[in-house]
Amino acid sequence: AIGKMRQADIIIEPPNINTSSYTFTPNVEENKIIYGLSGILNVGEDVIRSIIDNRPYSSPKDFVLKAKPKKQAMISLIKGGAFDDMMDRKLCMGWYIWNSSEPKKNITLQNMASLIKYNLIPTETEEDIMAKRIYEFNRYLKSECKFSKEIYKLDERAISFLTEIDCLDLIYGDMFMSAKAWDNVYQKWMDVFRKWITNNKQDIMNNLNDKVF
């Protein structure tokens, strides 16, 4: 259908966040057809209703604040050209993805999972490598060996690792370990990462935000 319109020298304009309606709309004076919002992937009736009800918009940011679109709908609108008369399309997509990825404004030990995921933690020394292994082992204990709030029931893998790091004295009854006793060991090792974060906070935060983006 678009091909036939173009063969007849009729201009097919991309959707426009301020002027497009639900369906395709003719503009007789300018010999154009404006693309309808319902023809855009991931843009349903509820989104279209919100778009029309909250007009006009002065910028993509103004639109996000007023219409509160879901992520996939917003991405489809940007790709479809709905904001082309406000902002370069690639810049608009970059702006939206950066802001919707919720960039970190602070870095603590709670961000360790993300830092490990994106290979951002130090691995230059044996202490660094062991601290990472201790962190991963702690996650393993909590997911696989939690017997109660105060006690871990250890499996062969856990006992093997505790043997490797000379912590067999934490085990009692052949397979149990106090969560508090383990946490004392764990927190001492996490000081390795706490010190690293304290000394490199801004760089770590920037690197993590770049990776997430």
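Which residues of helix α2 (residues 45-53) are buried? In this predicted model, local features rest on pLDDT of at least 70 and side-chain atom pairs count only at pLDDT 80 or more, while totals for chains, interfaces and linings use all residues. Residues are numbered from 1 along each chain as its sequence is written, and side-chain values use heavy atoms, with hydrogens and water left out.

The buried residues of α2 are Val47, Ile48, Ser50 and Ile51. Here buried means under 20% relative accessible area and exposed over 50%, with partly exposed in between (1.4 Å probe, protein chains only). Helices (H or I, at least four residues) and strands (E, at least two) are DSSP runs, numbered from the N terminus. On the face turned away from the buried side, α2 carries the exposed residues Glu45, Asp46 and Asp53.

We can turn next to the nonpolar cores. A nonpolar core is a set of buried Ala, Val, Leu, Ile, Met, Phe, Trp, Tyr and Cys residues joined through side-chain atoms within 4.5 Å. The largest has 37 residues, and Leu141, Leu162 and Trp182 have the most contacts inside it. Helices α6 (112-117), α7 (126-144), α8 (156-164) and α9 (179-212) each supply at least two residues of this core, and α9 gives the most, with 12 residues. Apart from this core lies another, of 20 residues, among them Val43, Ile48, Ile51 and Tyr96. Within the model, Leu162 is in contact with Phe137, Leu154, Cys167, Leu168, Ile171, Met177 and Trp182, leaving aside its neighbours within four places in sequence.

The cysteines deserve a brief look. The structure holds 0 disulfides, a disulfide being a pair of cysteine sulfur atoms within 2.5 Å. Cys145 is in no disulfide, and the nearest cysteine sulfur, that of Cys167, is 15 Å away. Seen from Cys167, the closest cysteine sulfur is in Cys145, and the 15 Å between them is too far for a bond. Cys145 counts as buried at 2% relative accessibility, and Cys167 is buried as well, with a relative accessible area of 9%.

The model also contains an open sheet of 3 strands, in the order β1-β3-β2 and with mixed pairing. Two strands pair if DSSP finds at least two bridges between them. β1 (11-13) and β2 (25-27) stand at the edges with a single partner strand each, so one side of each is left without a neighbour in the sheet. β2 and β3 (residues 32-34) run antiparallel and are joined by 3 bridges, and Asn27 stands opposite Lys32 in β3.

Arg89, found in helix α5 (residues 89-100), is partly exposed, with a relative accessible area of 34%. Not counting residues up to four places away in sequence, Arg89 touches Ile78, Lys79, Gly80, Gly81 and Asp84. The C-alpha atoms of Arg89 and Leu168 are separated by 60 Å, the two residues being 79 residues apart along the chain. Asn111 has its place in the loop between α5 and α6 and counts as buried at 12% relative accessibility. With residues up to four places away in sequence not counted, Asn111 touches Lys104 and Asn106.

Notes. Contact means heavy atoms within 4.5 Å.
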